[in-house]
Amino acid sequence: TGNQLACAVSIANINLMQRNNTINHVKQISTFLSKKLEILEHRCEYVGEIRQRGIMVGIELVKDKKSKLNFPPERVLGHKTVMNCRKHGVLTRNLQDIIVLNPPLSIKNDEIEIIIDAIEKSIDEAVSSLW
């Protein structure tokens, strides 16, 4: 409150979001992301559950999909996965064995495909390094 510069930037941001139809874009991209995540969940045997709200996502990594048995914490699979993602050009973070995605509102379909592909490769690489 009372900061004229911050208020001016906020108004400019709102105008930009209206001009670019950001809300509709996020709805569309969220649907596309859901479809890609569903494919990932079915293809990757170490993805237990995927939680999504809009374009914010949590991908749970588990040792056994049916029983939802977790990997031992000392294996730090989530950390290994996000470090592998960096090798594939994707920056993300983990909360233990949950991979967190929070992409920018301006993300495009092809960028989502790159992210999902990198995550799938990175999970496989991280799991194979455990054995």
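Which residue stands opposite Ile98 in S4? Leu95 does. The legends below describe close-up views of a predicted model.

**Figure 1. Overall fold of the predicted model.** The protein has four helices and four strands. Read along the sequence, these elements follow the pattern α-α-β-β-α-β-β-α. Taken along the principal axes, the C-alpha atoms fill a box of roughly 55 × 30 × 25 Å. The protein has 131 residues, of which 35% count as buried. Among contacts with a separation of 6 or more, 53% come from residues 24 or more positions apart. The accessible surface amounts to about 8500 Å², and carbon and sulfur atoms contribute 54% of that surface.

**Figure 2. The four-stranded sheet.** The strands form an open sheet in the order S1-S2-S4-S3, with antiparallel pairing. S1 and strand S3 (93–95) are the edge strands, each pairing on one side only. On average, neighbouring strands of this sheet are turned by 25 degrees against each other, direction ignored. H2 packs on the sheet and touches S1 and S2. The direction of H2 makes about 175 degrees with that of S1. H4 also packs on the sheet, where it touches S1, S2 and S4. Between the directions of H4 and S4 the angle is about 165 degrees.

**Figure 3. Strand S4 and its two partners.** S2 and S4 run antiparallel and are joined by four bridges. S3 pairs with S4 over three bridges, again in the antiparallel sense. Val100 in S4 is the bridge partner of Arg93, and Gly58 also stands opposite Val100. Leu95 stands opposite Ile98 in S4. S3 and S4 form a hairpin with two residues between them. In the turn of this hairpin, Gln96 has a positive phi of about 55 degrees.

Figure 4. Helix H4 covers residues 109–128. Its 20 residues, at 1.5 Å a residue, should span 28 Å, and the end C-alpha atoms are 29 Å apart, which agrees. Which residues of H4 are buried? They are Ile112, Ile115, Ile116, Ala118, Ile119, Glu120, Ser122, Ile123, Ala126 and Val127.

Figure 5. Asp124 is found in helix H4. Is Asp124 buried or partly exposed? With a relative accessible area of 41%, Asp124 is partly exposed, because the buried class ends under 20% and the exposed class begins over 50%. Asp124 and Cys44 are 80 residues apart along the chain. Their C-alpha atoms are separated by 8.1 Å.

**Figure 6. The aromatic pair of Tyr46 and Phe71.** The structure holds one aromatic pair. The ring centres of Tyr46 and Phe71 are 5.9 Å apart and the ring planes lie at 45 degrees, so the pair is tilted. The reasoning rests on two cut-offs: planes under 30 degrees apart count as stacked and those over 60 as edge-to-face, so the rest are tilted. Tyr46 lies in the loop between H2 and S1, whereas Phe71 lies in the loop between S2 and H3, so the pair ties together parts that are 25 residues apart in sequence. Both Tyr46 and Phe71 are buried.

Figure 7. Asn21 is found in the loop between helix H1 (4–19) and H2. Phi of Asn21 is near 55 degrees, a positive value in a residue other than glycine. Asn21 counts as partly exposed, at 42% relative accessibility. Lys68 is found in the loop between S2 and H3. Lys68 is not a glycine, yet its phi is positive, at about 60 degrees. At 38% relative accessibility, Lys68 counts as partly exposed.

Terms used
Residues numbered from 1 in each chain as written. Predicted model: local features only at pLDDT ≥ 70, side-chain atom pairs only at ≥ 80, totals over all residues. Heavy atoms only, no water. Expected span 1.5 Å × (residues − 1). Buried < 20%, exposed > 50% of the residue type's maximum accessible area, 1.4 Å probe, protein only. Phe/Tyr/Trp six-rings, centres within 6.5 Å; stacked < 30°, edge-to-face > 60°. Pairing = 2+ DSSP bridges. Axes fitted to C-alpha atoms, helices over the stretch in contact; angles between N-to-C directions. Contact = heavy atoms within 4.5 Å. Areas by Shrake-Rupley, 256 points an atom, 1.4 Å probe, with all protein chains shown as cover.
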